[in-house]
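Look at the structure below before reading on. The text goes through one chain, then its parts, then the meeting of two chains.

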Amino acid sequence: MAQASMIPEACTILEAHRETEKEVHFVLEAPRERPFQPEPGQFVMVSVPGIGEAPISLAGLPGEGAPEGAIELLIRKAGRLTTIVTRMVAGDTLYVRGPYGRRVDWDQFEGSNVMLIAGGLGLAPLRPFVRRALLRRDRFRHIDILVGARSPEDLLFRDDLAAWKARRDDVRTLVTVDAAADGWGGRIGVITTLFDHVHPDAEDAVAFICGPPVMYRHAIRKLLAMGFYENRVWLTLERRMKCGIGLCGNCQMNGHYLCQQGPLFSYREVRHMKEAV
Amino acid sequence: MEHEIYRFPRERLDDLVERLEREYRVVAPVRKGDVHGWEEVRRGTPIALDYPTTMLPPRQWFAPPREVLFRFQRTAGRYRFEPPPPERPLALIGVHGCDLTGLRVMRSFHESSCRDRVVTDRLDQSFVVGLACWEPCLAETFCRDMGSLDNETPADLYLWDLGEVLLLKAIKPRGREVIADLGGLEAATADEQVALRRRLRGRHDAFPLHFKFQPSKLPVALEAAESDILWEASAERCLSCGRCNIVCPTCTCFDVQDVASLDGESGERVRVWHGCQIPGFARVAGGHDFRPTRTQQLRYRIFRKGKYMPERYGMVGCTGCGRCHKHCPTHISIRDIFRQVGGPA
């Protein structure tokens, strides 16, 4: 029966790295039974039978950072399912279906200056965008990566941040934290303070934003003030998703099912929607 | 003859049930205490063709309140998944215009989702016998305004109860086949056909119009009605009980839950009805709620019915059945909101 579309596949965890007190970074087998060719911005539904299921953004795509045939997920301990999952180790099994969400044509971004604005957990969904831009570095102009976290301890993907910073000739990576104890040698302040340090040519620029709900409005305002086109400001939005296939209704924003029409939208596509940002 | 009308002796309802039972699970309105509900019937079950309306619409048979998506069982350390077994298609007897419209809206919604055809298949495989209404079922009904009163789609067969006699017509080839299988039905007499036309002509008098605008105008009218005050006026008495969602023939939202055996070795993943008026519907992991106030929730429900659904699926998501108003503990009225938003001209 067609309900098979919600049946997940067993995927073995290959690596589990604790990123912070709450977050674990998993490398796991990608589903194999159906074609699995995700694009940046897409997500999978992850479950443990008997416990439940949750939408998780892809933090690494097969062959683009993650090994061929594998995906990366960053999972924060937030509820019952993620409490159990964040205790899992290599060799354990997760149950995965997907990928879900809109596939955006990448050709339109090539030749642009790229700005990535990631607040907190928002770095996980944006990581495939960074990875792809770096893999195809010659097809982009300036790349600016702005990263914000609550504290130095909350910073995610620190190895990546260090690697990106090391490429200072062709990538600019700016990191800030809201607050830090003594000894933090970096910037302190909310993520929008980083905008003062970047000056991309907005005529040929594209930006991707992902972060906590409160961040979008401020980040979009900064970008528009810098002269960005409304349809080159891309947002990856979060909503409650229970099915991933445009049926259950929990993720609706105005008339849109985020799991299908999103979660990646240009600001122009959602600016008239009261529920968007 | 096209749309030939037959006289259908009331005592032959049982023959119709028996004929449909050969292929279908047959469901019809049955009296349950003071109310009526859609129940599985067999030959001999008293079917209440004079029912006012049911509390739950027939959608409960196409997208049940609780439905198994798959069962799981752990063997050799890994879970295996088993989809539910195939089921017999449904036949419904005695569906009013509002609920026929509800089935159409359900179909237009579900066929827009290309990845899951469960509900669409159930609708497509079902056999539906429509039934004409002569007076509003509820004081809250506004089916004529919404175009549901005269709607006969997607019925295969259609019944008119004229009291002393039932008249029956086939709308689809499957309906004609069933009439042929039943056998022995006589064409309605000229007098009966005249009586039917007279009843139909006079019927609109029993269903006064509430709106002074066409419902097709609702998306545009609502577009201009985003500001909070109108919604606050009703939302301030909302109890967030979600009854309006539960009784609505066009609500489709659900939650997904796992139910495991005590040892965790087996269980099932189920979809259960959920609704946009129920607290937490738009709350994500970590606690942020994207639609936290009752004002936002009520506006969302009405916008979905009157704007988002017609814009996306081509049909207004309200049939005018009046159930949400009738069963609301504080009498929040979608009819009044539409009337106010649509305006006098």
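Two residues are said to be in contact if their C-beta atoms, placed from the backbone, lie within 7 Å. The model shown here is predicted. By that rule, 38 residues of chain B are in contact with 35 residues of chain A. On the side of chain B that touches chain A, the elements giving two or more residues are β4 (66-75), β5 (78-82), α4 (118-125), β10 (254-260) and α10 (294-313) of chain B. The most comes from β10(B), with 5 residues. Sorted by class, this side of chain B has 19 nonpolar, 7 polar and 12 charged residues.

Now take chain A by itself. Chain A contains 6 helices and 16 strands. Its C-alpha atoms fill a box of roughly 55 × 45 × 35 Å along the principal axes. A compact globule of 277 residues would have a radius of gyration near 19 Å, and chain A, with 18 Å, agrees with this. Of these 277 residues, 51% count as buried. Among the contacts in chain A with a separation of 6 or more, 68% are between residues 24 or more positions apart.

Chain A is divided into domain 1 (2-100) and domain 2 (106-270). The centres of the two domains of chain A, taken over C-alpha atoms, are separated by 21 Å. Where they touch, domain 1 of chain A gives 20 residues and domain 2 of chain A gives 20 residues. On the domain 1 side, β4 (52-62), β6 (70-76) and β7 (93-100) of chain A each supply at least two residues. The largest share of that side, 6 residues, comes from β4(A). By class, the domain 1 side has 9 nonpolar, 7 polar and 4 charged residues.

How values were computed
Residues numbered from 1 in each chain as written. Chains lettered and ligands numbered in written order. Predicted model: local features only at pLDDT ≥ 70, side-chain atom pairs only at ≥ 80, totals over all residues. Helix = DSSP H or I, 4+ residues; strand = E, 2+ residues; numbered from the N terminus. Nonpolar A, V, L, I, M, F, W, Y, C, P; charged D, E, K, R; others polar. Rg over C-alpha atoms; globule rule 2.2 N^0.38 Å. Buried ≥ 20, exposed ≤ 12 C-beta atoms within 10 Å, placed from the backbone. Domains from an automatic or database assignment.
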